[in-house]
Amino acid sequence: MGFAQILSLVGGLGLFLMGMTIMSESIEKAAGAKLRGILEAFTTNRVTGMIVGVLFTAIIQSSSACTSMVVSFVNSGLMTLEQAAGVIFGANIGTTVTSQLISFDLSAYAPLFLFIGVCVSMFSKNQTVQKIADLVSGFGILFMGIATMSSGMESLKESEKVIGMLSSLNSPFLAMLVGLVLTAIVQSSSVTVSIILLMAQQGLFQDVNICLYIILGCNIGACSTALISSLAGKKDAKRAAMIHLLFNVIGTAIMFAAFSVAMDPISGLLHRISSNNGRFVANAHMYIKVVQVILLLPFSNFIVKMTYWIIPGKDPKVGYLDTFQLKYIGDKVLFNPSTAVVDGLKELERMAALASDNLNRAMNALITLDEDDINTVFEMEKNIDFLNHSITHYLIKINSSTLPIEDLQGIGNLFHVANDIERIGDHAENIAEMAKRRKEMGANFSAQAQKEMADMMELVNAMLTKSIKVILGSSDEKTMQELWDLENKVDVKEQEIQQNHIARLTRQECSPEAGMIFSDVASGLERVADHAVNIASYLTKRDSIV
C-alpha cells in the first residue's frame with residue numbers, strides 16, 4: 001500500500017466528514033428553530049417522541065447532534081427525562097439512514113449535487129435558500145468522499161498486512177472494542193459504520209459477520225458525544241446522556257447474546273435481504289437498532305429511574321432572588337446553539353421578574369418609609385445591573401456562534417429587551433431615592449394621592465405581568481392589544497392624577513416637596529409602562545414606543 005493510497009483514504013475521509021458536518025450545520029441553521037418547535041410540541045409521550053427522534057435524526061444526519069440537542073433541552077427545562085428517552089431511542093434508529101444512503105451507490109451523481117448546491121448558494125441572496133444549497137453541496141461532498149475512500153480501499157485488498165490484520169479480527173469482544181474506540185475518536189457512529197460498510201463492499205473482511213460486533217461497539221462509542229456535552233450541565237442533563245448510554249449498553253448486551261446463540265440464522269436472514277456486503281452492513285445496522293428500540297421502549301421509564309440511581313441528588317437551586325448568580329446561562333451551564341436563545345430568554349424573564357418585584361418594593365417603601373425595603377431596592381438594583389451586563393455579554397457571544405437563522409435574526413431585539421428591563425430597574429431605584437428623600441424631609445402624601453398612585457401601579461403591574469409572559473413565548477394578537485390598551489389607560493391615568501395633583505397644590509392640600517415627589521413618581525410609572533410595551537413589541541417584532 002503506497003503513499004498515494006494512504007492520501008486517497010485520508011482525503012476521502014476528510015471529504016466525508018466535511019460533507020456530514022456541512023449537511024448537519026446547514027439543516028440546523030435553515031430549520032433549527034422549527035425543528036426545536038417540533039421537538040417541543042410532539043414529544044408528549046414516548047411513542048411520539050421516538051417517531052420524532054427517528055425523523056429528526058434522519059434529517060440532520062447525526063444521532064450525536066440530536067442527542068446533544070436533547071441533552072441541552074433537558075438542561076434548559078424544555079423537555080422532561082421521560083420525553084427525552086423516547087427521542088433518544090428514536091435517534092438511534094434515525095442514525096441508520098446515513099448507512100442506508102451510502103449502501104446505494106450514488107457517488108456517480110455527487111459532482112452534480114455539488115455543482116447545483118454551489119451555484120444556488122452563490123447566486124441566491126436568501127439565507128434559508130443558501131443553507132439548503134449548502135445542504136445539497138454537503139451531500140455531494142459526502143459522496144465524493146465515499147468515492148475517494150472506496151477507490152483507496154481497492155488497493156487494500158492487495159496488502160497482505162491489512163488483510164492479515166482484518167483476518168485476525170475474529171474475536172467478538174475485540175471487534176466491539178475496535179468499533180467503540182474508533183467511534184469515540186471520530187464522535188460519530190454514522191462515520192465508522194460507513195467506513196465498515198465500504199470495507200465490507202471491497203471484500204476486506206474474511207468473515208463479514210464480524211461487522212455485526214463492530215457495529216455494536218460503534219453504538220456504544222456514539223454515546224461519548226452526549227456524555228461529554230453533558231459534563232457542564234445540570235444533573236438531569238447528565239441523566240439524559242446516561243439514558244443514551246444505558247440504551248446502547250443494554251441493547252448491545254441483548255444483541256451480543258442473540259448473536260452468540262443464533263448467529264447463523266440471523267446472518268442468513270440479513271444475507272437473503274441484502275444484495276451485497278455493503279447492503280448487509282447497512283441492513284444489519286438498521287435492524288439492530290430497530291430490535292433494540294422494540295425491546296427497550298416499553299421499559300424506558302425504568303431506564304429513566306436507573307439514571308437517578310447512577311446520578312443521585314439534586315442540583316443546588318438558584319432562585320430568582322439569588323444575587324449575582326446566573327441560572328440558565330454562563331460558564332457553569334451547558335451551551336448548545338439550538339437552545340442558546342431559549343436559555344437567554346429564560347434569564348431575561350428572571351431579570352424582568354426581579355425588576356418588577358423591585359419596583360413594587362420601591363413603591364411600598366415610598367408609602368411605608370421602611371428603611372430595610374429602601375436598602376433592599378438598592379442592593380437588588382446592583383443584581384439587576386449584573387444580570388444586564390452578563391446577559392448582554394452572553395448575547396454578544398452567541399451572536400457570533402452557529403445559530404438557526406430565525407434565532408440569529410431575533411438576537412438584536414434581545415439587546416433592546418435587556419436594556420428596557422434594566423431601565424425598569426432604574427425607575428425602581430429612583431423611587432427608592434424619592435422614598436429616602438421623603439423620609440428625610442418629613443413630607444406626607446394625602447390619602448387621595450396614595451390611592452391614585454396605587455391605582456396607577458395596579459395598571460403598570462398588569463402590563464409587567466403580560467410582558468413577562470411574552471418573554472416566555474406566550475404572545476398573540478390579543479395579548480399585544482391588551483398591552484396597548486393598558487398603556488393608553490396608564491397615559492390617561494398619568495394625565496388625570498397630574499391634574500389632580502396641581503389642583504391639590506392650588507388648594508394647598510399638600511406640600512411642594514411631597515407634590516414634587518408625587519409628580520416624579522407618576523412620570524416614572526408612565527415610563528415603566530412604555531418599557532413594558534417595548535419589551536413585548538421587540539419580542540413580537542412590532543414597533544416599540546421609543
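## Overview of the chain

Of the 546 residues of the chain, 52% count as buried, where buried means under 20% relative accessible area, exposed means over 50%, and partly exposed lies in between (1.4 Å probe, protein chains only). This is a predicted model, in which local features need pLDDT of at least 70 and side-chain atom pairs count only at pLDDT 80 or more, while totals for chains, interfaces and linings use all residues. Residues are numbered from 1 along each chain as its sequence is written, and side-chain values use heavy atoms, with hydrogens and water left out.

The chain contains 21 helices and 0 strands; these are DSSP runs numbered from the N terminus, with helices (H or I) of at least four residues and strands (E) of at least two. Among contacts with a separation of 6 or more, 81% are between residues 24 or more positions apart, a contact being heavy atoms within 4.5 Å. The chain exposes about 23800 Å², of which carbon and sulfur atoms supply 61%; accessible areas come from the Shrake-Rupley method with a 1.4 Å probe, and for residues only the protein chains shown count as cover.

## Helix α4

Helix α4 covers residues 81-94, 14 residues in total, and reaches 20 Å from its first C-alpha to its last, close to the 20 Å expected at 1.5 Å a residue. The expected span is 1.5 Å times one less than the number of residues. Because 13 of its 14 residues are buried, α4 is largely enclosed by the rest of the structure.

## Aromatic rings

The structure holds 6 aromatic pairs. Rings of Phe, Tyr and Trp (its six-membered ring) pair if their centres lie within 6.5 Å; planes under 30 degrees apart count as stacked, over 60 as edge-to-face and the rest as tilted. Two of the pairs are set out below.

| Pair | Centre distance | Plane angle | Class |
|---|---|---|---|
| F89 and F247 | 4.6 Å | 40 degrees | tilted |
| F173 and F256 | 5.0 Å | 40 degrees | tilted |

The pair of F89, in helix α4, and F247, in helix α13 (residues 235-272), links parts of the chain 158 residues apart. F89 is buried at 0% relative accessibility, and F247 is likewise buried at 0%.

In the other tabulated pair, F173 lies in helix α9 (residues 172-186) and F256 in helix α13, so the pair ties together parts that are 83 residues apart in sequence. F173 is exposed at 60% relative accessibility, whereas F256 is buried at 17%. Together with Y213 and F259, these two residues form one aromatic cluster.

A charge also meets a ring: the charged end of R504 sits over the ring of F518, 5.2 Å from its centre. This requires NZ of Lys or CZ of Arg within 6 Å of the ring centre and within 35 degrees of the ring normal.

## Cysteines

How many disulfides does a search of the whole structure find? The search finds 0, a disulfide being a pair of cysteine sulfur atoms within 2.5 Å. For C211, the closest cysteine sulfur is that of C218, at 9.7 Å, which is too far for a bond. C211 is buried, with a relative accessible area of 0%, while C119 is partly exposed at 23%.
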